[in-house]
Amino acid sequence: MLSSVCPSGPEPVLLFANRIDIRQVLPHRSEYTLLLNNLENAIALDFHHSKELVFWSDVTLDRIMRANLNGSNVEEVVSTGLESPGGLAIDWIHDKLYWTDSGTSRIEVANLDGTHRKVLLWENLEKPRAIALHPMEGTIYWTDWGNTPRIEYSSMDGSNRRIIADTHLFWPNGLTIDYAGHRMYWVDAKHHVIERADLDGRNRKAVISLPHPFAITVFEDSLYWTDWHTKSINSANKFTGKNQEIIRNKLHFPMDIHTLHPQRQPAGKNRCGANNGGCTHLCLPNSKDYTCACPTGFRLDKFLLFARRMDIRRISFDTEDLSDDVIPLADVRSAVALDWDSKDDYVYWTDVSTDSISRAKWDGSGQKVVVDTSLESPAGLAIDWVTNKLYWTDAGTDRIEVSNTDGTMRTVLIWENLDRPRDIVVDPVGGFMYWTDWGVSPKIERAGMDASSRLVIISSNLTWPNGLAIDYESQRLYWADAGMKTIEYANLDGSERKVLIGSNLPHPFGLTLYGERIYWTDWQAKSIQSADRRTGQARETLQDNLENLMDIHVFHRHRPTGTESASPPWGALNSPRLLLECAPIPPACISIAVAHFDSDRPSTNLMLSSWVCACVYWSDSTLRKISRAALDGSQYEDIITTGLLTTDGLAVDAIGRKVYWTDTGTNRIEVGNLDGSMRKVLVWQNLDSPRAIALYHEMGYMYWTDWGENAKLERSGMDGSGRLVLISNNLGWPNGLAVDKAGSQLLWADAHTERIEAADLNGANRHTLLSPVQHPYGLTLLDSYIYWTDWQTRSIHRADKDTGANVILVRANLPGLMDIQAVDRTRQLGFNKCSIRNGGCSHLCLPHPAGFSCACPTGIQLKSDEQTCDPSPETYLLFSSRGSIRRISLDTNDHTDVHVPVPELNNVISLDYDSVDGKIYYTDVFLDVIRRADLNGSSMETVIGHGLKTTDGLAVDWVARNLYWTDTGRNTIEVARLDGSCRKVLINNSLDEPRAIAAFPKKGYLFWTDWGHIAKIERANLDGSERKILINTDLGWPNGLTLDYDTRRSVQEWE
């Protein structure tokens, strides 16, 4: 059969998604290059040839991305409201992006940058998958995987929709249009076939039978497709199905595929013309002309607002389709409760995964966390729009709290006799708040908004009272009960209770009122429904097939303000109970640290605090850092941000101006200045989960507990010398530790033995003060008392420090209790042994029982004068770890890795060191740059900042002052001067994923590894000449490469 088209233009390139990367392959030469890597789950893709852009969808990140065709300038295009975007198509004539989403059951359109997004088709769609465009004809074609598999088309404005194939289909995956042949081709993975038909669905015919085809493209007389079963790209004649060839096999997971060639995007008439058809927003072509369209929900005078755990959405009442769009918010993990304030156009929400309350404008701008401390399960939220207050319930802490809408002036309103409070609503004009309680005795209560006049108004025939809503016009309270499966209402005092809806309510959750309608979400029905608020009749379903529905509200601008009254009917609009009187820090006080619990161990570990010179210090084992701030919360700064794993113990030497900490993850005890500088590992041997730490500067001792297999309590000098085990028997989980200087005794809490014990400072005269204590954690002393935190009782307790008698409860209902510290500002600080000229030490001066000793930061040896330190180690290892560059000194025995504080590290792969100038050179494949910096992290500068894709290997020629690198993305080896000048491509032929590289300046050789189809190790002269393969057998992924310059072994080690 004769060819239907004549080849013209450049050689075609097959562009395909491979889940973790996007690659290109030449069909007739099998040349295989990387375009984009480090992707999560790239499925669908398309390109815009004239703009040199590639677009792809990621179904793990639920994002649509784009980049230049050279792999640069990666950016998000659509980042919200996606669930499973499996199909993608570019209108190269009208510059529009179309996509399918089988999760939301929609087809959407937007500009190429993601703006002016619109839901185009949503009715009678089940699982839309592949999509293809014919912009010259103004039509869209798509496949649907649903219960009735089919192929459909419509105009590109969504009109004139029609089914063109709905028989003998099961999993119609890929779809492509042969523009020259006026046909479409599709693959069906279940029926293992490629079929074709005319563009109206007639003359349907099977072309090829296959194992598991996924995506398909056409070019000239050939079809190209990806196959999941064979992990390959294949081709065949499009007319006969014969001449089948394997273009490339052994792929990771081939997904979508396109032919990158101008013939695949032929020129055509732009129906919208140069002025966007006169449309203010979207101009969408159809088969004859075009249609002006507005983005979904663009007119937003009033809209329905609802939470879906992972996102917050809105449905505009001003649009015909009532389709929802996602408010573009960041880091929404488990949104439950919502409310809004039309005065500033803010939306507020609670997140029970991050345990926070946040707000943002309804367009997603101005996002800010309002409250993020001491929350456990904030399930209810209400805005007082008259006095600008924020109310919330917390089912974890069993509290109702209030603050200003920005989170300031926070106070607990109600904490007694609450048992899982759920929803809350406020009536600022009437002066009351109402809430539901899910506890053992379910009920609905009300109180003044200052917590006065509390009253149970409904207490019978309740199971799981969820959503609440107030009808301000009729003065009624509505609620939904998921256990009773009803929506009911009563007067605001609980009288005249009636069932509004008592049938077909599987699991109602959120509830709201607007106009004459009541709206609710239903977990089980997965829908948003409405009914007449007075009769419960005229029920409608606004949206269905929506998972994880939570709270619901109607945003509008007509809330009652009460300004028509001469004065509010309550006296607490400016109640003094809502104001916090601030006083100076008392001379003696208790500081506690709080975290959140998943099980017996904390998951978010704000672990410990110590006080010095009006600052509080704490460690956070989730964020892996040590921080400090002034007592009023100002002057916050992180002082240690690297090299921490589980910092369970912290102690401040207020006299010597040092901070000490234990790390259960690294099994080290370290010290540093109060600002985190001059950090040093003090103890690292024979540690097995060190926990609490306490200091006695005047005596020069530090004490610590160890939770390891053989639990113990140890002591050493504050410089790590004179280490001694004090107690090693009958210990389980020794948590809190405190030194009683006045009583010359050591006290500790053990959560396993359930005791608080004491002993002399040398470990003698051990005795039990208190037993049993349920699960003690933190321990401190103040005057003649000990104070401790208890995980199980969630309380702070106090007892006499000498006898353990007179136990009292200081504070209850404190979830997530961790460490506790007492501060007595009247007590004078002792004498600093290092006060005179820092003891003559150049760096650290550390006390011990006989005086003090000078010490150097980790990895640096003290000089023979025992006072001064070198600026850096003599011999050390340098290594990269994605987001960090570190060194390990070989001069000292601890072999601790120290982070080199180079800024802006994202994904560092390769590095080398120039010993002449003392510079580190490294590649960052996230930024696609080569940079250099001094060994102390300063003077960072970009050496090569453009034209890079994946620079996996780097080598410094310290003699000729040149820099060599491999680029796996471009399959090149390049060279430049150390400052980036005089750049030159050295080798660019017969390279297939070059990786590691090493230079031997004295011999004039360059060595490198290649990961490609045939793995090998090669050598050339430093100018690229006399290239030679050294090894090409028994290699898999040759990674690391180094040279032994002494024995002159060309390649000593590879992986």
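## Annotated domains

UniProt, in an unreviewed entry, lists "domain: EGF-like" for residues 271–304 and 833–870. In this predicted model, the span 833–870 is 26% strand and 0% helix, and its end C-alpha atoms are 24 Å apart.

Let's look at confidence next. The protein chain has a mean pLDDT of 88, with 92% of its residues at 70 or more. Residues 563–586 stay under 50, and the model gives them 30 contacts beyond four places in sequence. Residues 1050–1055 are also below 50 in pLDDT, with 22 contacts beyond near neighbours in sequence.

## A buried valine

Strand β59 (residues 658–663) holds Val-659. Val-659 counts as buried because its relative accessibility is 0%. Beyond its neighbours within four places in sequence, Val-659 has contacts that include Ile-639, Leu-650, Val-652, Val-671 and Leu-674. Leu-770 is 111 residues from Val-659 in sequence, and their C-alpha atoms are 30 Å apart.

## Rings and charges

The count of aromatic pairs comes to 24. One of them joins Trp-92 and Tyr-179 edge-to-face, with 5.7 Å centre to centre and 75° between the planes. Trp-92 is in the loop between β8 and β9 and Tyr-179 in the loop between β16 and β17, so the pair ties together parts 87 residues apart in sequence. Trp-92 is buried at 11% relative accessibility, and Tyr-179 is buried at 12%.

Phe-303, Trp-340, Trp-362 and Phe-555 are linked into a cluster by ring pairs. The charged end of Arg-559 sits over the ring of Trp-340, 3.6 Å from its centre. Elsewhere, Lys-231 lies over the face of Phe-253, 4.7 Å from the ring centre.

Key: Residues are numbered from 1 along each chain as its sequence is written. This is a predicted model: local features need pLDDT of at least 70, side-chain atom pairs count only at pLDDT 80 or more; totals for chains, interfaces and linings use all residues. Side-chain values use heavy atoms; hydrogens and water are left out. UniProt positions are given in the numbering used here, feature names are shortened, and annotations may be inferred rather than shown by experiment. Helices (H or I, at least four residues) and strands (E, at least two) are DSSP runs, numbered from the N terminus. pLDDT is the predictor's confidence in each residue, from 0 to 100. Contact means heavy atoms within 4.5 Å. Buried means under 20% relative accessible area, exposed over 50%, partly exposed in between (1.4 Å probe, protein chains only). Rings of Phe, Tyr and Trp (its six-membered ring) pair if their centres lie within 6.5 Å; planes under 30 degrees apart count as stacked, over 60 as edge-to-face and the rest as tilted. A charge sits over a ring if NZ of Lys or CZ of Arg is within 6 Å of the ring centre and within 35 degrees of the ring normal.
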